Amino acid sequence: MQLNPAQQAAVDHRGSPLLVLAGAGTGKTRVITHRVAALMDEGVPPWRILAVTFTNKAAAEMRARMEKMCEGKVDVSQLWVGTFHSISARILRRHGESVGLSRNFAIYDTDDQTRLMKRVFKEMNRDDEQIKPRAILGHLDQLKNRGLTIDQVDQLGLEGFMTRLVALLGRRYQELLRAADASDFGDLLVLAVKLLEKAGTEQPRPGAQLVDVDPVVGLKRRFLHVVVDEYQDTNPVQARLVELLSQRAQLCVVGDDDQAIYGWRGADVSQILGFPDRQPGCELIRLEQNYRSTGHILHCADAIIRRNEGRLGKTLWSELGDGALVVLRACEDEREEARFVVNEILDALNEDIPPEEIAVFYRTHAQSRVIEQQLTDNGMRYAIFGGLGFFERKEIKDALAYLRLLQNPASDLDFTRIVNEPARGIGDTTVGRLTALAANRNVALLEVARNPEEAGVSGAAAKRLALFVAMIDELTARLHAGTPLGQLAAEVLERTGYRDALVQEGSEESEARVENLDEFVGALTEFAQDNPEQTLADYLEQVSLVSDADGGGRGEVRAVRLMTIHSAKGLEFEKVILTGMEEKVFPHSRSIAGEEAAREEGRRLRPEERAQLEEERRLAYVAVTRAKRQLVVTYARRRRLYNQEFIGTPSRFVRDLPPDSVRGRVPGVVRREAPAVPAQLQAMLSSPPPRPAAPARERSWNSDIVYDEGVAARPAARTRAPIASDDAPSLYKGMQVRHRQYGEGTLVGWDGTGSNLKLAINFPGVGVKTILARFCEPL
DNA sequence: TGTTATTGTGTTTTT
DNA sequence: CACAATAACA
């Protein structure tokens, strides 16, 4: 297929920075691959070209496409293609000494991070705090994403005590991380940037020769062309990294501001919006012809995204014709929704759509369970993207921990993970004593374990420790003797008794685990055969950077796909079923929180609150634009989630759909439905008196809902919100209620149903409190 | 010390 | 509901 003029221009542009604004389905990847191929055609050496993607899968795909395109002509393996994280890791692996990382440093994933932070909590006696390790890590990560150091915590705008806590615990966390010769995801980027920034700033020694030039400086000058995909999702550190590597390169960034969905992770859309301003002479090219979806789908996408402010603005068009109408379906509850999904899948299969071209999307992982159940009941195979991957299973993580400990004896986290796994009588007390001494002397746990007596570990435990240490030493020797990786892994599992312990257990679960371990050994053997020159460190790195995206180990190829919308980014399917389209599900309740608060306080939305909502909207846009020919959208009236029943209102995104492109009734303007008053409260209600039971509930659940947008603007107290005319006695905003302790107050909102109904009441002089309805009585 | 029962608690999206 | 942290027990 020929490139269209805009695409061709993006491929051909040379000489100045280039921003390609590529709408969904406009052939972005084609442009990138063609551009890189063209560069190589022109004689740019492959090793002087860098292509950065977001996921490993995208990187692998790109490389594959290049190989196909350049068959035989150029050595594509010389190209630098990778994710921000893998490229950083690669740089640090080679040159990381100056920022405190050895050649074999470990990469900690989220789980490792949490465990390490928990240790910090314990060490500093903070485990009683309400604050959880995850929270601190979250802030720490945010810090890193913005390229700030721990001394700049205050710039995060946290509350005072949190700022102090993050600084205190974060600092110690970093110390331990470095001491363990490890890096977390955030540090990979931060340290790579630090390394590159430092290079070349030192005064050259007198008489230094050109050959003495710092290799890192060479790295900065290496690339002549840099291409970045999904630029809208980069965070400041990533952008800085790209800049540093583009010292001599022509920079080409590709992205779509309407698909920026990682703001919560520190990504900053203004990066792409401000790119032309930051880059003198920057050329901007828009790709707007969509080759993926049919008309009605695009109309829906546009109807959703056009309501966002602060976008560069693009209108997608297509030559594919209107195609089928988008199907909209209201379901009674999540089970019916799941059944409907199954039916839709069956329909598609009957139309000969291959299963892997059918995808079911949901906002959060928690929603997948019901659908999975229903699919299983109907004997349908499916592949889940995301969730617990192979390398996140306990047994695999244990095996990896053993290997990492062999590779890196300083890794205390791995030590503690497996020292008593399988149980060998080295319990918390023993480990506690070791930890105390290790912290004191600033040495690794494994070192301390060599002299247990000094740590005050008694005879029996000391003996067991000695055995453990001897075993680790032997295995370490095997590693350094060059034992093939697969065999080494097998020996580890044998010698440590890990495999035996599982076999002994004899349960169905343990059996599965043994199988997983065998698979792991197999994978390692295969890896060693395919990459004879690669070491254990290389393998460990590859594993820790691999995410759900590549689906390599698990997942049927010929199976329906289930995934969150986030993981759907960059993919496309013949038929997409978008589920759970209700307020508080999608848009997620956390994104709406600000809006509700604003309504209750009678103020306007704060910028960050609006930004969150706009991000949800972009997420909806991403979801819709994944569909090639068929799009089905479902929502449920009632939904059980987290063991709580929620009354659903159709998502605002559903209400935005253009009726002309939709089959099924687009719910009109809607407001939150007034919940039925629970019996307890109802009994207490004296006025207004309960009306005789009305058959109101029989009616279509949308019909009695009236939208009133004005609520947000008006002060809550004066809003005498409508009680659904013929409904049982209802709550209404402005209603006066009494609480034993707080006295009389004004109802400003509510949440939940039945005995979980919570009222938000504004008590004069006290403020707004959220109280279970049964503790309140109406006046 | 290690295992099991119980309570409690949260519950987005990911490299 | 699911899972993690804690308490009680062997």
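**Sheet, flanking helices and cores**

Helix α3 (residues 56–69) lies across β2 and β3, running at about 160° to β3. The model is predicted: local features need pLDDT of at least 70, side-chain atom pairs count only at pLDDT 80 or more, and totals for chains, interfaces and linings use all residues. Side-chain values use heavy atoms, without hydrogens and water.

**Sheet**
- An open sheet is formed by 6 strands in the order β3-β2-β6-β7-β1-β8, with parallel pairing.
- Pairing requires at least two DSSP bridges between two strands.
- Strands (E, at least two residues) and helices (H or I, at least four) are DSSP runs, numbered from the N terminus.
- β3 (80–83) and β8 (283–287) are the edge strands, each pairing on one side only.
- From one strand to the next, the twist averages 15°.
- β2 (residues 49–53) and β6 (residues 225–228) pair in the parallel sense over 4 bridges.
- I49 has H225 in β6 as its bridge partner.

**Helix packing**
- Helix α4 (residues 84–95) lies across β2, β3 and β6, at about 115° to β3.
- Angles run from 0 to 180 degrees between N-to-C directions; axes are lines fitted to C-alpha atoms, for helices over the stretch in contact.
- Contact means heavy atoms within 4.5 Å.

**Nonpolar cores**
- A nonpolar core joins buried Ala, Val, Leu, Ile, Met, Phe, Trp, Tyr and Cys residues through side-chain atoms within 4.5 Å.
- Buried means under 20% relative accessible area (1.4 Å probe, protein chains only).
- The largest core has 49 residues; L403, F415, L434, F468 and F520 have the most contacts inside it.
- Helix α20 (residues 459–480) supplies the largest share of this core, 9 residues.
- Another core, of 43 residues, lies apart from it and includes F54, I91, L241 and F275.

Key. Residues are numbered from 1 along each chain as its sequence is written. Chains are lettered from A and ligands numbered from 1 in the order in which they are written. Buried means under 20% relative accessible area, exposed over 50%, partly exposed in between (1.4 Å probe, protein chains only).
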